[in-house]
Amino acid sequence: MSRRGSKQFASYSIIGLSCALIDIGVLNGLLLAFPTRDNTLLTVFNTIAYTAAILNSYYWNSRYTFNVNKTKKQFAGFITQAIVSLFIANGVFIGGLWLIEQAELLPGWLEANTAKGLSMLLSSLSSFFFMKWFVFRR
């Protein structure tokens with residue numbers, strides 16, 4: 001990775017931490033307010049949490065990581081990558097929940113947070129490369 005790419009990845013990672021806090025905070029707030037183990041409702045909660053984080057990501061990454069002027073075309077690309085990343089996030093989240101639930105060792109909130117962590121890791125990595133090479137490409 002080039003020096004510029006390394007700086008972008010470092011900036012993306014720092015911004016990603018704030019997004020992770022938002023993502024996990026919203027998910028856990030919803031789980032606290034509406035405890036559930038229903039996968040459909042958990043997918044809705046995950047989608048709401050992911051959406052809050054991705055909006056934060058767009059604002060900061062377009063401004064600092066990739067330092068570009070926002071355009072309608074770019075925003076459309078961002079929304080496209082967000083939808084693809086959301087499918088990845090929800091797929092990994094629900095798949096991870098299913099695998100973790102099989103062990104029946106953890107309380108529901110810990111199962112959800114463990115699956116969420118894996119989901120965030122994989123969707124964040126895919127999102128970075130999609131944004132770098134397609135959305136914010138110079």
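Colleague: Let's start inside: is isoleucine 54 buried or exposed?

Modeller: Keep in mind that this is a predicted model, where local features need pLDDT of at least 70 and side-chain atom pairs count only at pLDDT 80 or more, while totals for chains, interfaces and linings use all residues. Residues are numbered from 1 along each chain as its sequence is written, and side-chain values use heavy atoms, leaving out hydrogens and water. Buried means under 20% relative accessible area, exposed over 50% and partly exposed in between, with a 1.4 Å probe and protein chains only. Isoleucine 54 has 11% relative accessibility, so the residue counts as buried.

Colleague: Which residues does isoleucine 54 touch?

Modeller: Isoleucine 54 sits in helix α2; helices (H or I, at least four residues) and strands (E, at least two) are DSSP runs, numbered from the N terminus. Contact means heavy atoms within 4.5 Å. Not counting residues up to four places away in sequence, isoleucine 54 touches Phe78, Gln81, Ala82 and Ser127.

Colleague: Ser127 belongs to α4 in the α2 contact, so at what angle do α2 and α4 pack?

Modeller: Axes here are lines fitted to C-alpha atoms, for helices over the stretch in contact, and angles run from 0 to 180 degrees between N-to-C directions. Helix α2 covers residues 39-65 and helix α4 residues 108-135, with axes 13 Å apart. Their packing angle is about 35°.

Colleague: How do the residues of the α2 contact with α4 divide by class?

Modeller: Among the residues making it are Asn46, Ile54 and Asn61 of α2 and Lys116 and Met131 of α4. Ala, Val, Leu, Ile, Met, Phe, Trp, Tyr, Cys and Pro count as nonpolar, Asp, Glu, Lys and Arg as charged, and the others, Gly among them, as polar. On that basis, the contact has 4 nonpolar, 6 polar and 1 charged.

Colleague: What is the relative accessible area of asparagine 46?

Modeller: Asparagine 46 lies in helix α2. Leaving aside neighbours within four places in sequence, asparagine 46 is in contact with Leu27, Ala89, Asn90, Phe93, Lys116 and Ser119. Asparagine 46 is buried, because its relative accessible area is 0%.

Colleague: And which residues does asparagine 61 contact?

Modeller: This asparagine is in helix α2 too, and asparagine 61 counts as buried at 1% relative accessibility. Neighbours within four places in sequence aside, asparagine 61 is in contact with Tyr12, Ile15, Phe66, Asn67 and Met131.

Colleague: Against which helices do the buried residues of α1 pack?

Modeller: Helix α1 takes in residues 3-33. Its buried residues include Tyr12, Ile15 and Leu27. They pack against α2, α3 and α4.

Colleague: At what angle do the axes of α1 and α4 cross?

Modeller: The two axes come within 10 Å. By class, this contact has 11 nonpolar, 6 polar and 3 charged residues. The axes cross at roughly 145°.

Colleague: How far apart are the end C-alpha atoms of helix α3?

Modeller: The expected span of a helix is 1.5 Å times one less than its number of residues. Helix α3 has 32 residues (72-103), so it should span 46 Å. That agrees with the distance between its end C-alpha atoms, 46 Å.

Colleague: Last one: how much of residues 12-136 is helix?

Modeller: An unreviewed UniProt entry lists that stretch as "domain: GtrA/DPMS transmembrane"; UniProt positions are given in the numbering used here, feature names are shortened, and annotations may be inferred rather than shown by experiment. Its end C-alpha atoms are 13 Å apart.
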